[in-house]
Amino acid sequence: MTRITALINHRIGAVNRGDVYDDPLDDMLVAEGLGEVTGGGSLMQESMEIDYVEIEIDLSGDAGIAVKRVIEFLEDAGAPKSSKIIIVGTNDSVEFGKREGLALYMNGTDLPDDVFETGDINDVVEELDTLLEGISSFDDFWEGRTETALYAYGASYDQMKAVIDPYVARHPLCQLSRIVRIA
């Protein structure tokens, strides 16, 4: 048996992580006789924003073949760039991931009161999803003490940013926001 940990550079909550990665990966591993998922979790920043998600896996049989299959599966499921597999008990790791990530951090404290009273973040998310249709999707969000982050993943950070920049520049709720590459 070989134990590995998949550190996935995806800011996604526990329920979504289970639906996107943990459960389907476990189903595949068991069906193909390659092992099983034994645990998972989220690695948090000091702010309690998710940094990475983690999946613990026990592999059986040829570890090299199983690791390649796990990487293929996780990339097909949408794992972003800068994800990695760590072979537990060794110094070995393998980087993987295909998608790029963008976070829109919206200021939640420094805008005029009337902006918060008349604006609706759900409308912003809906419009951004429409703009990004066919390019990417918003996978999750995070609410901090002073800002809210919306996370989008797709083939190209630059393309996602170019598409949403004009909207972000003109929408009142997006003033004082920042766009950050996260994968």
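Q: What share of contacts in the chain between residues at least 6 apart in sequence join residues at least 24 apart?
A: The share is 63%. Contact means heavy atoms within 4.5 Å.

Q: What sort of model is it?
A: A predicted one: local features need pLDDT of at least 70, side-chain atom pairs count only at pLDDT 80 or more, and totals for chains, interfaces and linings use all residues. Residues are numbered from 1 along each chain as its sequence is written, and side-chain values use heavy atoms, with hydrogens and water left out.

Q: How many helices and strands does the chain have?
A: Five helices and nine strands. Helices (H or I, at least four residues) and strands (E, at least two) are DSSP runs, numbered from the N terminus. The order is β-α-β-β-α-β-β-β-α-α-β-β-α-β.

Q: What does the C-alpha trace span along its principal axes?
A: About 60 × 30 × 25 Å. Of the 183 residues, 45% are buried. Buried means under 20% relative accessible area, exposed over 50%, partly exposed in between (1.4 Å probe, protein chains only).

Q: Which residues touch the most other members in the largest nonpolar core?
A: Leu25, Ile57, Leu74 and Ile85, in a core of 25 residues. Such a core is a set of buried Ala, Val, Leu, Ile, Met, Phe, Trp, Tyr and Cys residues joined through side-chain atoms within 4.5 Å.

Q: Which elements each supply at least two residues of this core?
A: β1 (2-8), α1 (14-31), β3 (50-59), α2 (63-77) and β4 (83-87). The largest share, six residues, comes from α2.

Q: What is Ile85 in contact with, leaving aside neighbours within four places in sequence?
A: Its partners include Ile4, Ala6, Val67, Val70, Ile71, Leu74, Val94 and Phe96. Asp92 and Ser93 are also among them.

Q: What about a second core?
A: A separate one has 19 residues, including Leu102, Leu111, Ala152 and Ile179.

Q: Back to α2. What is its reach?
A: From first C-alpha to last, its 15 residues reach 21 Å. That is close to the 21 Å expected at 1.5 Å a residue; the expected span is 1.5 Å times one less than the number of residues.

Q: Which residues of α2 are buried?
A: Ala66, Val67, Val70, Ile71, Phe73, Leu74 and Glu75. Their cover includes β1, α1, β3, β4 and β5 (93-96).

Q: And its ends?
A: At the start, a side-chain oxygen of Asp62 reaches to within 2.9 Å of the backbone nitrogen of Gly64. After α2 comes Gly78, with a positive phi near 115°.

Q: Which residues other than glycine have a positive phi?
A: Ser82 is one, near 70°. Leu176 is another, near 65°. Most residues other than glycine have a negative phi.

Q: Where do they lie?
A: Ser82 is in the loop between α2 and β4, and counts as partly exposed because its relative accessibility is 38%. Leu176 is in the loop between α5 (157-170) and β9 (178-181). At 57% relative accessible area, Leu176 is exposed.

Q: What lies over the face of Tyr105?
A: Arg178, at 4.1 Å from the ring centre. The cut-off: NZ of Lys or CZ of Arg within 6 Å of the ring centre and within 35 degrees of the ring normal.

Notes:
Polar contact = N/O pair within 3.5 Å; in protein donor to acceptor, adjacent residues only side chain to side chain.
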